Amino acid sequence: MKPIFADAAAIEHAVKLLQQGRLVAFPTETVYGLGADAANPDAVRRIFKAKGRPADHPLIVHIASTDSLNDWAQSVPDSALKLAAQFWPGPLALILNKKPEVSSVVTGGQDTVGLRVPGHPVALSLLREFGGGIAAPSANRFCRISPTQAVHVEEELGNAVDLILDGGACQVGVESTIVDLSGTRPKLLRPGYITQFDIEAVLQTEMLVVSTQSGQTDSSEQRAPGMMAVHYAPITVALLCPTERLPEMIQTLNFQNKKVGILAYSLKPAENTLTRLIRMPKQADDYAQALYASLRDLDSLQLDIILVEQPPETAAWRAINDRIGKATSAC
Ligand code: TXA
Ligand code: MG
């Protein structure tokens, strides 16, 4: 399936397909989503099939505005309204207790539902024209890198999708921050562009943070497959490497005649016939925007190994470190 430019006619066509229970991939500000009518369980089942995703991994329902929260959530706490007012449309998903009529196919059997108003003009037009909620996980095959360009969706899903709307490269580049508001205390389930501190500043309370690296498996982690240790992975073996060890690692691997891809932001290791270097931006937001496309580029080169220079471990880099941690092993 070739992507088509997301003009008004393409969006109108997309709406018709959604109404028929078909699958439409569309751009959001974070990553491309694989969308289906969230109120049509058969359509939603097609998403799971196209992705190869287990049926118990819940999907995020995209809505056109905060007003639609009541169509999906049993009750909308003040905290949700505050966060929505501050960050929607934008890269934040909220987990709320679902209405009984919301299909458990969408929620993977959970009694909660993930909701988000995406901050991308194409996604918003599609949602407004369609009128209902659009269930949409990232438009990649299960456990693969999320697509940040329309052509990535084509590579990932081929003809398993009925239409790919091309709205250019995604601005944020990593998946939305997920905050669970279904319990007594707000809980950060997935770090993203909107940080823990941004959210705590609005809620005026500390959040529980589910560790994504420790391997602990409390029930909320099981509910969020984005938090499994292996996720977003390239096919090529990828290693996370501290800056100071990078030159030595490259040398050793080259000595073993290994073809090495390098994702570096601070060093400029010399390139040779056995190495392929991608210089990453030094600023966290720009780095995040480029991350998945860069990993995908290196992954397509039939290299023996990809070395990722360890980014700074400050708050601004948290979502990046979370995703890189899942795509790599430690060096
Ligand atoms: O940025 C994004 O959120 C992108 C774009 C397309 O909107 N979507 C996305 O979807 O990343 P997906 O399915 O790849 O990741 C959604 C995450 C999963 O980790 C899922 O478990 C979690 O959201 N999630 C959805 N509903 C949930 C629920 N009811 N309870 C707990 N986690 C939930
Ligand atoms: Mg995903």
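Predicted model: local features only at pLDDT ≥ 70, side-chain atom pairs only at ≥ 80, totals over all residues.
View 1. The backbone at Q204 has a positive phi of about 55°, although Q204 is not a glycine. The relative accessibility of Q204 is 69%, which means that Q204 counts as exposed, since values over 50% are called exposed.

**View 2. The crossing of helices α4 and α7.** Helix α4, made of residues 78-87, and helix α7, made of residues 196-203, have axes that come within 9 Å and cross at roughly 120°. Because of this angle, α4 is described as oblique to α7. The crossing in which α4 passes α7 is right-handed. On the α4 side the contact is made by S79, K82, L83, Q86 and F87, and on the α7 side by D198, I199, V202 and L203. Sorted by class, the residues of this contact of α4 with α7 divide into five nonpolar, two polar and two charged.

**View 3. The peptide bond between W88 and P89.** The bond that leads from W88 to P89 is cis, and its omega is near -5°. P89 belongs to the loop between α4 and β5, where β5 covers residues 92-97.

**View 4. Helix α2 and its surroundings.** Within helix α2, which spans residues 41-51, the residues A43, V44, I47, F48, A50 and K51 are buried. These buried residues of α2 pack against β3, which covers residues 33-37, and also against β7 and α6. At the start of α2, the backbone nitrogen of D42 has a side-chain oxygen of N40 within 3.0 Å. After α2 comes G52, a residue whose phi is positive, near 70°.

**View 5. S138 in the loop between β7 and α6.** S138 is found in the loop that runs between β7, residues 134-135, and α6, residues 150-157. Its relative accessible area is 16%, so S138 is buried, the limit for this word being under 20%. The side chain of S138 is joined to the side chain of N140 by a polar contact of 2.5 Å. When neighbours within four places in sequence are left aside, S138 is in contact with V31, Y32, G33, L34, K51, S146 and P147.

**View 6. V15 in helix α1.** V15 has its place in helix α1, which is made of residues 8-19. With a relative accessibility of 8%, V15 counts as buried. Apart from its neighbours within four places in sequence, V15 is in contact with L126, E129 and F130. Between V15 and A284 there are 269 residues in sequence and 35 Å in space, taken from C-alpha to C-alpha.

**View 7. Helices α10 and α11 side by side in one view.** The axes of helix α10, residues 284-299, and helix α11, residues 318-327, come within 10 Å and cross at roughly 20°. The two helices α10 and α11 are therefore roughly parallel to each other, and their crossing is left-handed. From α10 the contact is made by A284, Y287, A288, L291, Y292 and L295, while from α11 it is made by I320, R323, I324 and A327. By class, this contact of α10 with α11 has nine nonpolar residues, no polar ones and one charged residue.

View 8. Q302 is found in the loop between α10 and β15, the strand of residues 305-309. The phi of Q302 is near 55°, which is a positive value in a residue other than glycine. Q302 has a relative accessibility of 64% and counts as exposed.

How values were computed. Residues numbered from 1 in each chain as written. Chains lettered and ligands numbered in written order. Heavy atoms only, no water. Axes fitted to C-alpha atoms, helices over the stretch in contact; angles between N-to-C directions. Helix = DSSP H or I, 4+ residues; strand = E, 2+ residues; numbered from the N terminus. Parallel < 35°, antiparallel > 145°, perpendicular 65-115°, else oblique. Left-handed = near helix turned anticlockwise from the far one by under 90°. Contact = heavy atoms within 4.5 Å. Nonpolar A, V, L, I, M, F, W, Y, C, P; charged D, E, K, R; others polar. Buried < 20%, exposed > 50% of the residue type's maximum accessible area, 1.4 Å probe, protein only. Polar contact = N/O pair within 3.5 Å; in protein donor to acceptor, adjacent residues only side chain to side chain.
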